[in-house]
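Please look at the sequence and the structure first.

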Amino acid sequence: MKIELPNEKLVIPSGIVSTTSDIIKVLEDTEGLGVITTKSIGLFEREGYKEPVIAGVGGSLVNAIGLANPGIDEHIKEIKEIYPIKKILMTSIFGSSAEEFVEITMKLEKYTDWIELNLSCPNVEGYGIAIGSSPKLVKEIVSSVRDTTDLPIFVKLPPMPGYIGHIAKIAIKAGANGITAINTIGPLIFLNPLVDKPILSNIYGGLSGIAIKEIALMCIREIREKVDVPIIGMGGISTPKDIEDFKRAGANLFGIGTALMGMSTDKLKSFIKELSLGRISDRPKVPLEYKEFEIKEVWGSDTTKVLILNGSIEALPGQFVFVWIPNIGEKPFSLAYNNPITLLVKKVGPVTSHITSLREGDKILIRGPYGNFYIPNSNVNLVAGGTGVAPIHFIAKAFKDKVSSILIGGKNISELPLYDSLREITDVKVATEDGSLGIRGLVTDIIELNNGEYFNCGPEKMLIKASEIESKAVSPCKIFCSVERYMKCGIGICGSCALDGLRTCVDGPVIPYSILKIGKDFGNYKRSPSGRRIKIE
Ligand SMILES: Cc1cc2nc3c(=O)[nH]c(=O)nc-3n(C[C@H](O)[C@H](O)[C@H](O)COP(=O)(O)O)c2cc1C
């Protein structure tokens, strides 16, 4: 079977950006993009590894997402809602045996254009080189899937210079129609120089980006010598020159992965369009290096603490940072101020339990800042619940003259340790559920209808209620909500924080209510660490 390649030659590779159906839908009108690949889908749901799941190495990345995926049944439930799309949809699948690949293929067949067999994940034992370097397994898996479907099959191979051509030939002989190369290089360990410890929770990860380009080119040349089928080349592509190099090596389509880090959806679309036209466009600088700070001051209650660090960070209100506690984990936090860095942390899980137990003089590792920001265009009314007080504290301190009112709420007084600091800036109205501070009630009970803008931050139900009330006074495009989703990478690559096709870490966290209200996720659905869509209770 000869497969027809798209005229638009760029590809989003598996595991990068287009990892949920809503993101895929949003990307389908990207000019220059011919193929959108899903994240690798297995038979069963997998949460993947705990954060940190990425680490920056120069301009490249090491990742160990750990094949997080909602499982094939859940994937189909969602993809059904959008399939077919305007581009070629290639579904990446993985399994531990030929039988698993076949079972997934049978379920998937009606909801994909091409299938990519991922025989090369370097950071989950048994799913990478163990399969992809075995002539017997490659032959068995590919021929079993070939017997199951007439759809085009691409085989994604591990980077194995000197051997990859041989394996590619076996895959094509067994019935594959094309080869994708290369996957990330690994497993390898990347130590953080400040603490001399591996950054990734899985310790081992796979390297991607510019650091692997030459090896990718070697692999593609070798594959091209052995087989006469389409090759999707990837590994460090970010410029027209890279595409030329991959074309000369023998690739027909070109995957752009790590180069997309830090890009909002609009930026990503224009970047891909420009690249497809042979033009270079700027890429955002993504601050991936951890910096060490000392805790200068800490106060609050057992459950909620304010931490003041001994340094500053160039950032604007609304932006967030990741705090990494080696051997425990990493979580994102909104900045409550940038100079000195101020964080508001509520005890929820192991990482926040550790952070809330830290004392003055202890050290803390931070990467960032990330996300978009909010600068008031006119006078602003600030409304926050619980730890949602953090960004409004930053706005109030940075844009004091523009603040019309500050309203905060929480379960009780112990959730609001920034109250006094806010009061030093201006009047603050408070509501607590137990009446321990301010009036007894919810912050939405005390919202006043004013002109200007509103900025809301807090639990999603509160955001909706507040925005609905505020819509009576101002247009929804003047109401800004800082939204929260499960974040893993924070740089727009993994897609775990998807919300109606936007990635909260790069398209947000500050999103106008006029956009949020037309989606179906806001207030209704969030995603679990595996990427499964779950109802917000
Ligand atoms: C965060 C991340 C997640 C990835 N997840 C997958 C995956 O699930 N399946 C897969 O086949 N490749 C995965 N890859 C590999 C990419 O698809 C691609 O092969 C690799 O990153 C090389 O391209 P690049 O240098 O342009 O990023 C992942 C890469 C990254 C950085």
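## Where the ligand sits

The ligand sits in the largest cavity. A cavity is a set of points, on a 1 Å grid over the protein atoms alone, where a 1.4 Å probe fits but cannot get out; a molecule sits in one if more than half of its atoms lie within 2 Å of its grid points.

The model is predicted: local features need pLDDT of at least 70, side-chain atom pairs count only at pLDDT 80 or more, and totals for chains, interfaces and linings use all residues. Residues are numbered from 1 along each chain as its sequence is written, and side-chain values use heavy atoms, with hydrogens and water left out.

## Residues around the ligand

There are 20 residues around the ligand, and Ser14, Ser40, Lys156, Gly236 and Thr258 come nearest (near: a heavy atom within 4 Å). The shell is made up of 6 nonpolar, 13 polar and 1 charged residues; Gly counts as polar, and Asp, Glu, Lys and Arg as charged.

## Polar contacts and cover

Polar contacts are pairs of N or O atoms within 3.5 Å. The side chain of Ser40 has an N or O atom 2.7 Å from a nitrogen atom of the ligand. Oxygen atoms of the ligand lie 3.2 Å from a polar side-chain atom of Asn118 and 2.9 Å from a polar backbone atom of Ile182. Of the 610 Å² of accessible area that the ligand has on its own, the protein covers 95% (Shrake-Rupley method, 1.4 Å probe).

## Domains

An automatic or database assignment gives domain 1 (10-276), domain 2 (291-370) and domain 3 (380-535). The C-alpha centres of domain 1 and domain 2 are 35 Å apart. Their contact (heavy atoms within 4.5 Å) takes 9 residues from domain 1 and 10 residues from domain 2.

Conventions. Polar contact = N/O pair within 3.5 Å; in protein donor to acceptor, adjacent residues only side chain to side chain. 1 Å grid on protein atoms, 1.4 Å probe; cavity = no way out; pocket = protein on both sides within 12 Å on 5 of 7 lines; lining within 4 Å.
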